[in-house]
Structures are given as structure tokens and as C-alpha cells.
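Okay, thanks for coming, everyone. Let me put the structure up, and then we'll go through a few bits of it.

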Amino acid sequence: KMQKKTFLAILCLSSVFSEVRIQRPINSSVVRTQSVEIEIFCDEAQNPCGWLDLDGKTIAEVSSHYVSFIFSDEQGMREGVHNVTVWAMSQNGREVRSHTSIFQFSRNFDVSVFGDVEFILQTPTDGQLLFSNPQLPLQFAATNLGERQVTVAIELDGDIVKEIKPKTSPLGSATVTVDGLTEFETTIRDVADGQHMINLVLFDDQTLEHLASKKFVFECADWIAPAHHLADISGFDGSDEKSSLKDVAIGMLVSIGPKTLARTLMSYNESGLLGHLGQLLIFIQGRDPLLWEIASQFTRDVYGFHDPIGKGNAWFYLATACSVPFLALVEEDFVLTVSIDEAVLRLGTAASLLGAQRVDVARLRHQLRPGEPLWVERSFIASDGKVDGTHLLHYLHFVPLPDRVFSEALSVCHRFPTFLCADGQHAEYTNNPVMYRTYWLRDVLGPHLARDDYNTMERRVASWWRSQAPPIRVAQGQGVFEHERIDGERSGQAGSRAKDEDDFDNWDIESITAVARSRL
């Protein structure tokens, strides 16, 4: 408590002297994102305006009115509690003022050290696709409740359907895990097929204070392929890589960029790839009408919720919706960049390696034409050639003969076409184009993907990925997909800025398709 009072005093002092302030992260907040953004506003146009300290160490100068720094693992931003302070000197150089923010960085759903009450979903997860069941099991937990007596009101599609108390032990006390989570469990009856939204609202029984709330969506359907069907890969002829790809599906996640989406899908269609595949599934974040219409020109299997869900949740949805044994996950900005014969051979070989259980994952980004940005190469150059052992399989994009350079970690596991293989410790999880056995993606990796709040999934899954024993086996061949974005830019994807500056908000599908065709 004394520590908090000290920090509050610093903040009050800073509000009087407004020359410099930290906009983000907010004091006493939990940052649950892939990396930490530090935003600083400086009212005086001095150069430098001041300097920035992180955990007592000076890390940067503040040289403009607005500065933003991004810190991740590479910059030493580890999970835990951090102190960021920005210092500013007056124009006469006689006075120094500061603004401090204390924050907690966590990608792993650690309980807030500041006492914040939060919900953690267990079943169902946000955006989950479930087999039809009129009796919906609902499990979740809440943090930092302590000895408070609480009630959770459960709203289904806007109507309160139930109020519940925490789970109790045989002694009648609330069930609290070793992580300090208070558990809740119930069943919602008469849940029809279709998409639904649940809103959890937590109240203190004594004060009626609203402590926390959380909304999430899910879908129930009776057309989901059973897991045992997907696990049976005996029908795939692994001895013939040139065989039909009817056991292979592409699952595409679409976030932004109608021109990019049209161009990517046309590259699949005009090459003839779609005619070889067993299934094309497309998930549209936020059900954007134009993106939905473009996707519907190429497949009937178009999905999405009205509100965006986490990337990992969307991958999990596609894995559940897939009805064939092998699923290649791609995003909307990965075009097919090889001939149809090469595509069938390389995709078929990837499925063969997966079907024979020789690998768990087969990467599909093109070896020589990966497209920009290629973050591993940028990091390699920026660090003056420092090798990152967790990404060695990525190095085949820019290091000649990588299996000889890194012979202790990489090996040739298939020839004609060539595939290199590595354990997961040297081939970290990636959202780049990758093929999986569908049931492995759904049952083994899926639960880790599904715990996504839209920002934490990739690095959190990477930590789990590296620690598996026996290790996850990853293959990478010459690849078939190249990263190329025509319009739109995802947050955090510097280097993928739109090539066209014209306004396409009011374009119809024919205009966008025409532009995509000219690009092709």
C-alpha cells in the first residue's frame, strides 16, 4: 500500500508539471499483449526533450512531442512487473521532472498483482465451434476475489438465463486453485444451433459492486466431422506425392484488404489448385461484407462472427470445421507463387510426411521467394549475424545449405522435393503458411491456440511448443506461398504497407477483382 501511495504521489506531481507524460502503459495495469508499447507525450519542443528509464536503466532519448517504443523479448522485455519512468529537463536546464508508470507484463494469464478482478474462460473459449448440444457446459474462473461473496449473472444473447455462485469444496467453501483462481461451473439448457453471445457479469453480494464482466461468442453446429474420422488417414496414399490433394484443405484467415484477398484467391483458382483441394475454408474477421462477398465467389465454406476473435481462436475454428485429414493454414496475403505441378507435388509431399507420422508440422512459405517482411532475416541482420537457435529452420530462406551450416539441428528428411526437418526447439511456432494433421491441430495444438485474447497467442504458444517431449517435428520444403499485400496494413506489420494509395472503400467486387487480375 505504501508503494502504491508513492507512485500516486509521483503521478499527482506529474499532473502539475505537464511537460512530459506516459500515455501507455497505464499505471497499475496489466499488459496482456505480444509486446509492450510505451507511448510518451512531451509538450516542450526541446531536443532532446528528456530520457526514458526502464527498470532503472536509461534506454532511450525522448526527442519529439510524441514517441512510441515497442519492447518484446528481443529487447529484454520479460514477463513480470516493470517500472518505466520518463524524465524531462526544463528549458533553462535547472529543473528535472518525471512521470512513472508501474505495470505488469503477462502473456500467460497470470493473476494481476494490482488486485484486478478478471475472468478466464475455460469451456467454451471465445469463438469456439461446438457440436450440437442443447446442454451447454460452461466453465470459467475469476481472479483476485479473496474472501468476497460473489454472484455471476449469465446472459445468453441478451437475456439473463442463470445466476451462479462459485464451485464449493466438500467443506462448503469456494473452490480456489493453487493459482488463486476462483472456479465456476454450470450448464446452460436449450441452446439451439447457431451463433450465440454470452456475457458474464460478476457482482459483490455485500456491496452490489460490479467487479468484472466478459463477453464471448461461440457457435453450435451438427455438421462438424468427428475427431475419429479425421484421425483415420489410412486412405491417403503416402507413397505417391503426385496423387490428388482431396485429403488436403486450405483454411484461410482474413482480417483486412479486399484487393489482397481477391488476388490471393485468384492465384489459387487460376492455377487450378482449388480443383485439386478437398476443401477451401475461409474465416472472415468481423464478417466484413465486402470480404465475405469476395470469399463467397470461391467457396461455400465461409465463416466468421460479427465481432473479431483472436487469431488463435480463428485457427481453432477452422480446424474444427475442416472435414478432411490435412489442413494448411494461411492468411489472406499469401499468394500461390509456383506452377500447379510444383504445388501439387510439394503439398502432396507435405501431406505424405504428416500422414506417415514422420513430422507434426510442414511449413509452406516459399524458400527463395518468401515475401516481405521476413522478420527472422531482419533480426539476423540487425544483430550483426547473431544466430537465434529457436528459429534455425527459418534460416533456409537466406542461408545457403542450412543443413550443413546447422548440421546439429537440421537434417534432410525427404528428397525430390527436398524437405529439411528440425525439432520444435529449433523451429518455433509460426503463423506463416503451415500444414497439419487436422486432428492433431484440433486436439493437441488447438486448446493452446484457443486461449487467445487477440494479442498473446503466438509467443505464448511458442513457449509451449519448445518445451514438448518428445519434441514436435517440423518440416520445411521449397514451399509454395509468397507474402504479398496489395492493400491494407495489419497492426504491427511494418513492411506490409499498402502499395495502392487510392480509396477503395466504395469499390464493388468487379473493380477489386479487375485490379487483382492485373496484379496477377
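So, Ile120 sits across from Ala141 in β11. That pair belongs to β9 and β11 (residues 135-143), antiparallel strands joined by 4 bridges. Two strands count as paired here if DSSP finds at least two bridges between them, and strands are DSSP runs (E, at least two residues) numbered from the N terminus.

Before I go on: this is a predicted model, so to speak of local features we need pLDDT of at least 70, side-chain atom pairs count only at pLDDT 80 or more, and totals for chains, interfaces and linings use all residues. Residues are numbered from 1 along each chain as its sequence is written, and side-chain values use heavy atoms, with hydrogens and water left out.

Back to the sheet: it's open, 3 strands, ordered β9-β11-β14, with antiparallel pairing. At the edges, pairing on one side only, are β9 (119-123) and β14 (181-189). Neighbouring strands are turned by 25° on average, direction ignored; axes are lines fitted to C-alpha atoms, and angles run from 0 to 180 degrees between N-to-C directions.

Then there's an open sheet of 5 strands, β2-β8-β7-β4-β5, with mixed pairing. Its edge strands are β2 (29-31) and β5 (57-62), and the twist averages 30° from one strand to the next. Inside that order, β4 (residues 50-54) and β7 (residues 80-89) run antiparallel, with 5 bridges between them. Asp53 is the residue opposite Thr85 in β7.
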